[in-house]
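Q: I would like a close look at a single part of this structure, followed by its setting. Please proceed from the geometry to the residues concerned.

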Amino acid sequence: MKRDGRSYVVAQVDEREVLAVVAKHEAGCGGLIAILEEIQAIYGYLPEQALRQVAQATDRSLVDIYGVSTFYRSFSMQPRGKHRVCVCLGTACHVRGAQSVTEEFEQRLGIQSGETSEDGEFSLETVNCLGACALGPVTVVDGKYVSKVKTSQVRGLLDKARKGYAQSGNGEDKEAFAIAVSCPVCSHSLMDAGFPLDDHPSIHVKVSIDHQEGCLRLSSLYGSGSLASECEIPPGEVAIFRCPHCLAELTGADDCSICQAPMAPMAIVGGGTMHVCLRRGCPGHLLDLQ
Amino acid sequence: MKLSSIEKLTEWRSVLAKKNASGKSCLCICAGTACQASGSNEIIRATKRALIERRLLDRLSLRITGCHGFCEMGPFVLTEPQQAFYTQVKAEDVPRIIDAALAGEYVEELLYKDPSTGQKYYHRGDIPFFKNQQRTILEANQKIDPIRIHDYIAEGGYRGLEKVLSVQDPVWVVEEVKKAGLRGRGGAGFPTGLKWEMLAKQRSNGGKFLVCNADEGDPGAYMDRSILEGNPHSIIEGMIIGAYGTGATSGVVYVRNEYPIAIKHLTAALQQARTLGLLGGNILGGGFSFDIEIVRGAGAFVCGEETALIRSIEGKMGEPRQRPPFPIQRGINGKPTAINNVETWANIPVIIVRGADEYAKIGTKNNSGTKIFSLVGKIRNTGLVEVPMGMTIKEIVYNIGGGPVGKAQIKAVQTGGPSGGCIPASMFDLQIDYDSLSRAGSIMGSGGMIVMDENTCMVDLAKYFMRFLKEESCGKCFTCRKGTQRMYEILDDITTGKGTLEHLDLLEELAHVVKDTTMCGLGQTSANPVLSTLRYFRDEYLAHIQNSRCPAQVCKPLLSYSINNNCIGCQACGKACSVNAIHGERKQRHFIDASKCIKCGTCRSVCKYDAVEAA
């Protein structure tokens with residue numbers, strides 16, 4: 001990443017990454033739009049350099065790529081700020097005062113909607129409808145939905161964003177708790193008090209990937225992604241988990257709802273099953289309590 | 001596990017249903033977008049923790065569901081089989097709710113209370129918001145965890161598919177849908193069965209497409225999101241049945257990128273259906289194949305128009321094109337394509353399972369079935385309501401919606417989004433269906449119903465829609481591109497005190513020209529917000545023009561703020577003012593500097609003493 005003259009952050013584009021995205025989406029429906037969406041997900045906006053590479057790789061003229069990039073509202077050709085404020089301007093939000101909320105944000109940030117502040121801290125965007133109409137006016141600040149926003153709350157929301165919201169998607173999952181699990185085959189406990197992670201006993205399994213095998217320890221704090229592994233698992237790769245006691249493969253759960261990789265089941269002490277996605281880096285997990 | 005025949009599916013369903021019928025109590029918690037925004041994730045986590053730590057899973061289970069519709073009251077917990085409905089729950093309430101559910105008792109103070117009468121309800125079904133609805137589609141949401149296909153199947157899911165594969169007659173499928181009288185829920189109300197019949201007759205050697213339009217661009221409507229999030233398998237089943245009836249070979253769900261949870265749940269559901277052999281090659285061993293893929297939209301309202309949607313699916317700019325040829329003849333990649341909206345697809349399994357004759361009994365003649373409305377805006381019970389066609393607006397707004405929130409009277413409802421119009425309170429006896437709404441100058445649209453009270457300015461509303469339309473106009477027809485822009489400018493002049501009476505005639509003339517000379521639905525209906533407000537609320541336009549006054553106190557250039565004698569000098573307004581326009585000593589009356597004031601109204605919203613006045 002580097003900073004250009006306008007002082008906000010311009011992405012360094014990795015050509016291999018762009019080509020991989022193109023290759024992934026070229027065959028299916030949606031083609032170009034899916035490619036641009038993924039590039040935007042990586043860089044936060046559509047860097048010119050990446051668009052040139054897409055044009056070359058898909059054998060289309062740059063004008064076509066530019067046309068699609070500017071036609072759709074969710075694409076941005078400008079780098080975005082560190083914090084993102086998105087005010088819903090749907091009809092239900094409008095009749096409950098979303099316009100005043102937008103103006104208050106504009107006033108406080110000193111920018112118009114669609115712009116990024118000079119210091120690169122905030123981008124202010126508006127959206128036609130977020131589908132949370134019953135709770136209008138709705139604003140999303142760094143991924144967190146705030147309902148029934150009043151103009152008097154705006155200053156506080158910006159302050160909170162500067163300090164940092166928990167990066168936990170929509171909700172405030174503040175109440176973390178630890179669980180204890182056992183092998184679903186031999187019922188032996190998988191907990192390892194001698195190797196704590198996040199200040200709790202860790203979950204101990206045998207992991208194998210390619211021809212390597214070793215011990216893997218996962219945090220038992222529900223929702224935490226902390227882990228320690230003896231063998232290197234490259235991000236995106238799918239591993240196999242085994243019970244360290246009976247050596248049975250932990251398998252048989254439904255596939256991950258985020259990345260469709262297999263998940264490993266573990267029996268929860270107290271009832272229910274915990275499913276953990278086997279893809280390195282995927283946050284997918286499921287606590288099955290039915 | 002792959003199910004190799006219809007019998008295997010039936011068998012497995014009875015196994016699953018038996019398991020579910022164990023009689024164990026259950027806590028249902030909604031995790032739809034709105035409830036997540038209200039904090040339901042925290043409630044879910046607290047519940048999981050309590051169930052595990054107290055080892056209660058033998059006696060109590062937890063079901064995380066999609067939207068139940070009563071979004072105003074979220075986050076909530078519904079207990080089964082009690083049907084106790086606890087509203088606006090906090091994490092610290094969870095242990096009490098669990099104890100009460102185990103003992104068959106109630107946590108009295110958390111039960112839903114009618115805000116106007118104060119009456120407490122012990123059974124969810126007795127709450128007027130739910131009691132006065134007829135929920136054939138939404139009802140399933142509370143019984144299903146959307147990422148678990150087992151739940152859907154146990155509740156009778158894929159029985160429609162079973163029936164279709166047993167009858168083995170595509171013509172029968174299309175006839176049933178025709179006989180049921182289902183009309184497209186996306187807005188225009190075209191008979192679905194007729195559309196399918198036309199697709200079935202198309203010859204194509206390169207395959208045919210079915211599309212589920214989940215672009216839901218209409219601001220203020222969110223029923224499609226709630227169905228996709230809460231019951232994705234009903235859409236998948238509907239599309240498989242449609243494919244069997246029409247001979248379609250591929251399906252596409254075109255879904256908005258603004259709906260991440262819907263995309264996640266649909267992705268998981270498609271994967272599960274494929275794994276079970278309900279989707280893909282040789283479905284249930286019957287030799288019939290069909291698969292569905294997801295295409296994400298990128299935020300363009302015009303892509304709800306079918307030819308634009310097809311271009312977007314092809315990865316191009318979503319500009320509409322001239323019809324004919326209709327998509328039924330030449331759609332995606334030139335192949336015959338039929339497009340139906342999410343809610344339409346969700347109705348298909350219901351029609352097949354209940355039978356067309358039973359289905360046609362719901363609603364009125366020529367307008368059968370139920371319709372889901374998103375009842376939002378200035379109304380007490382905001383949320384999704386599902387009612388039979390033909391219910392009056394009054395019944396929906398007052399019996400289900402609970403009437404106005406504060407003292408301000410309800411003035412109108414707006415239906416159909418930017419393509420629709422406003423219906424004044426004097427016409428609330430109107431029975432809602434496709435035909436009556438269009439006679440009243442509005443449209444059904446996808447089902448947005450935005451309630452407006454005396455504090456909503458109708459000129460400002462028309463301006464709001466026109467700004468939306470001018471921004472979303474693709475620009476292909478110049479009458480739409482320039483016409484919406486010019487109508488916006490005139491409305492802007494009126495709301496800033498620069499309007500003249502001639503403007504009104506010009507506005508009306510422009511509206512008719514745009515309506516008559518544009519190619520696609522966006523342009524043809526773009527005049528509706530202007531024409532319907534001019535028709536029913538002309539007096540508000542006149543007040544802006546002749547008296548430089550905004551009766552609803554919305555249009556800022558016509559407003560001025562002042563502080564009256566109620567002021568006690570608490571300084572709250574001064575601190576809240578972002579432009580330092582308020583002066584005054586502590587415990588002394590404050591004053592607003594009109595030259596600095598930006599009329600944001602923040603001072604008025606923070607004042608506890610009614611000391612800030614607008615005129």
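Are H19(B) and H20(B) roughly parallel or roughly antiparallel to each other, and why?

A: The model is a predicted one. In chain B, helix H19 covers residues 478–495 and helix H20 covers residues 501–517. Their packing angle is about 160°, and the axes of the two helices are 10 Å apart. Angles over 145 degrees count as roughly antiparallel, and H19(B) and H20(B) are therefore roughly antiparallel to each other. The crossing in which H19(B) passes H20(B) is left-handed.

On the side of H19(B), the contact is made by Thr479(B), Cys480(B), Gly483(B), Thr484(B), Arg486(B), Met487(B), Ile490(B), Asp493(B) and Ile494(B). H20(B) contributes His503(B), Leu506(B), Leu507(B), Leu510(B), Ala511(B), Val513(B), Val514(B) and Thr517(B). By residue class, this contact of H19(B) with H20(B) comprises 10 nonpolar, 5 polar and 2 charged residues.

As for the setting, chain B also touches chain A, in a contact that takes 74 residues from chain B and 62 residues from chain A. Four helices of chain A, namely H2 (31–43), H4 (62–71), H5 (91–95) and H6 (98–109), each supply at least two residues of the side that touches chain B. That side of chain A divides into 25 nonpolar, 24 polar and 13 charged residues.

The domain assignment of chain A gives domain 1 (2–71), domain 2 (83–163) and domain 3 (181–288). Between domain 1 and domain 3 of chain A, the C-alpha centres lie 35 Å apart.

Notes. Residues are numbered from 1 along each chain as its sequence is written. Chains are lettered from A and ligands numbered from 1 in the order in which they are written. This is a predicted model: local features need pLDDT of at least 70, side-chain atom pairs count only at pLDDT 80 or more; totals for chains, interfaces and linings use all residues. Axes are lines fitted to C-alpha atoms, for helices over the stretch in contact, and angles run from 0 to 180 degrees between N-to-C directions. Angles under 35 degrees count as roughly parallel, over 145 as roughly antiparallel, 65 to 115 as roughly perpendicular and the rest as oblique. A crossing is left-handed if the near helix is turned anticlockwise from the far one by less than a right angle, and right-handed if clockwise. Two residues are in contact if their C-beta atoms, placed from the backbone, lie within 7 Å. Ala, Val, Leu, Ile, Met, Phe, Trp, Tyr, Cys and Pro count as nonpolar, Asp, Glu, Lys and Arg as charged, and the others, Gly among them, as polar. Domain bounds come from an automatic or database domain assignment.
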